[in-house]
Amino acid sequence: MRTSIATVSLSGPLTEKLTAAARAGFDGVEIFENDLIGSPLTPEEIRERTADLGLTIDLYQPMRDIEAVPEDVFARNLRRAEHKFRLMRRLGADTVLVCSSVSPQTLDDDALAAGQLRRLADLAQESGIRIAYEALAWGRHVSTYDHAWRIVEAADHPALGVCLDSFHILARGSDPAGIADIPGDRIFFLQLADAPLMALDVLQWSRHYRCFPGQGDLDVAGLVRAAVRAGYQGPLSLEVFNDVFRQADAGRTAVDAQRSLALLQESAGLTAPPAPVVPTGFAFVEIATADTARITPLLTALGFSRTARHSGKPVDLWEQGEARILLNTDTDTGSHRPDPSLTAIGLENPDPAAASARAESLLAPVLPRRRAPRDAPLDAVAAPDGTEFFFCATGRPGHPDWTGDFAPAPHTPPGGIGVTRIDHVALTQPWHQFDEAALFHRSVLGLLPHASIDLADPYGLLRSRAASNPEGTVRIALGVGASPTDDPARPQHVALATDDLVTAVRRARAAGARLLPVPANYYDDLAARHEFAPGELETYRELGILYDRDEKGEFRHCYTVTTGSLFFELVERTGGYDGYGAQNAPVRLAAQRT
């Protein structure tokens, strides 16, 4: 289906919004009235600009507080509409959005509303314009789509139809199944937005917290299916009011928006892009540093051994169990990243080529890679925060193997501390890219999103949302700070799994690992919340181990001190524990601030 986006969904002046929409591949736009009023261009010039960019103007919006009012008020409304219809002819727009009234002058009289909307449609029809009537979720008397349709049906005018808005419908808990009762040719427009579930006034919820489909908790795909089954043939159009989007780069936001519509159409069964290819594990994480002396003592203390060297690049392979870390000194981290810094993640993938095709179909930037003729070809894409994700098939016949690019390096056989694999990776996102990142990891990488949670930091609340594969062998935790300031030293960490955390910590400490100190008050509180075997809590207190449990199992973990923006976590999961120790995050965050 054709795609469209409301200019209110993007930041910047109108011309920048139009350019961003066109470059992201949208077919059309909704022109928001405030964007037009604030533009130095005439309606004719805007019309010409959109045409040059290959865009259509699918909707002009909004006209407010029109219907079900006393006659003298409606007369003024018709005069206002005449001016708007002349403007729309100059602009080249043939459909206008009319919202259900919120004015205190509005009367609770459906017959009056239908009659006045019919008169408005008569006037619009003379100008070749259609009226799309929308029920605002906070409308004074009309707040549901089925009520709006009853009024439109009673008005019985060919230039009058309904606009269905997914937020207004789903936020009120209305059942989209009733859309089937509306003839498809009377659904004049379909506006789409998602949102996280929030206990908030619906107006404030709508104005500040909408997001693109797939980034929230509403069943937007189900609503689209219902509209298409009813016969709707217009564009899928995004109308998203969001404080972050209003400040973010319009080009990035438009690409994120187009990606959300691609995923939405797939979820609704309207398109069949390359199928998701779910990763099965971590192949490696890559750490960039200009000075290996800052990180190699810590890797050694954590039981890793330098086992190989890249044949053509200054990259070393460090291993322990199935956990692999690449240490890359070919870097300019001093210019924009702290040193050391986590820059890339290799994901084991059943079909790397298909995973790359999926990423490209969803507008993920496929990265060019400098490699020698004998290097294994590896596809990589960039996440919103710049982290590179490589699609790997380590050691599998018939697939390029990146380990073949490395030659064994002389090394002392490692004693190890008991690390078995990489448990998860945590990446702190730029403030304005958190929702974009969540959608990327879901749609491009094929991971399942978990619920978003808030974590208490001494300087505010941090938001966190994890994504994983169904087996839990790939876990990526995304976080964002409380401040909109884009700090390039955003913390990142790599969690290493072990089957015996107490032994691993003792060995790491004996080897010189500097572990994060934990306040004694934490263990006093832990004693109040849980019962432990004799001596168990004392061991945790001695070693700085944090503890959590749920109905499925237990979680023990501890952290190293931070170097640059990077730190490590040692974790032990028992039973079916599937979380990340969120209960302990405030303690860790406070300790890292001291």
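Reply: The open sheet and its surroundings

Eight strands make up an open sheet with mixed pairing, in the order β14-β15-β13-β9-β12-β11-β10-β16. Its edge strands are β14 (380-382) and β16 (406-408), each of which pairs on one side only. On average, neighbouring strands of this sheet are turned by 30° against each other, direction ignored.

Strands are DSSP runs of E with at least two residues, helices are runs of H or I with at least four residues, and both are numbered from the N terminus. Two strands pair if DSSP finds at least two bridges between them. Angles run from 0 to 180 degrees between N-to-C directions, and the axes are lines fitted to C-alpha atoms, for helices over the stretch in contact.

The model is predicted, so local features are given only at pLDDT of at least 70 and side-chain atom pairs only at pLDDT 80 or more, while totals for chains, interfaces and linings use all residues. Residues are numbered from 1 along each chain as its sequence is written, and side-chain values use heavy atoms, with hydrogens and water left out.

One place to look is Ile345, whose bridge partner in β15 is Phe389.

The next residue to look at is a ring. Rings of Phe, Tyr and Trp (its six-membered ring) pair if their centres lie within 6.5 Å; planes under 30 degrees apart count as stacked, over 60 as edge-to-face and the rest as tilted. By this rule there are 13 aromatic pairs. In one of them, Phe284 and Phe390 have ring centres 6.0 Å apart and planes at 45°, so the pair is tilted. Phe284 belongs to strand β9 (residues 281-288) and Phe390 to strand β15 (residues 388-392), so the pair links distant parts of the chain, 106 residues apart. For exposure, buried means under 20% relative accessible area, exposed over 50%, and partly exposed in between (1.4 Å probe, protein chains only). Phe284 counts as buried because its relative accessibility is 2%. Phe390 is buried too, at 9% relative accessibility.

Most residues other than glycine have a negative phi, and most peptide bonds are trans. Leu363 is not a glycine, yet its phi is positive at about 65°. Leu363 sits in the loop between α13 (352-361) and β14 and is partly exposed, with a relative accessible area of 35%.

A second sheet closes on itself: eight strands form a barrel in the order β1-β2-β3-β4-β5-β6-β7-β8, with parallel pairing. Here too, neighbouring strands are turned by 30° against each other on average, direction ignored. Strand β5 (residues 130-134) pairs with β6 in the parallel sense over three bridges, with Ala132 opposite Gly161 in β6. Helix α5 (residues 110-126) lies across β4 (95-99), β5 and β6 and runs at about 150° to β5; contact is taken as heavy atoms within 4.5 Å.

The peptide bond from Gln61 to Pro62 is cis, with omega near -10°, and Pro62 lies in strand β3 (residues 56-63). Asp156, not a glycine, has a positive phi of about 50°. Asp156 is in the loop between α6 (145-155) and β6 (160-165), and it counts as exposed at 52% relative accessibility.

Strand β18 (residues 448-449) pairs with β20 in the antiparallel sense over two bridges, and Pro449 stands opposite Ala467. Strand β19 (residues 453-457) is joined to β20 by five bridges, also antiparallel, with Asp454 and Arg463 as bridge partners. β19 and β20 form a hairpin with two residues between them. β20 also runs antiparallel to strand β21 (residues 475-480), joined by six bridges; Ala467 stands opposite Ile476 there. The hairpin of β20 and β21 has six residues between the strands, and Gly472 in that hairpin takes a positive phi near 80°.

Finally, two charges sit over rings, meaning that NZ of Lys or CZ of Arg is within 6 Å of the ring centre and within 35 degrees of the ring normal. Arg573 lies over the face of Tyr580, 5.6 Å from the ring centre. The charged end of Arg588 is over the ring of Tyr559, at 5.4 Å from its centre.
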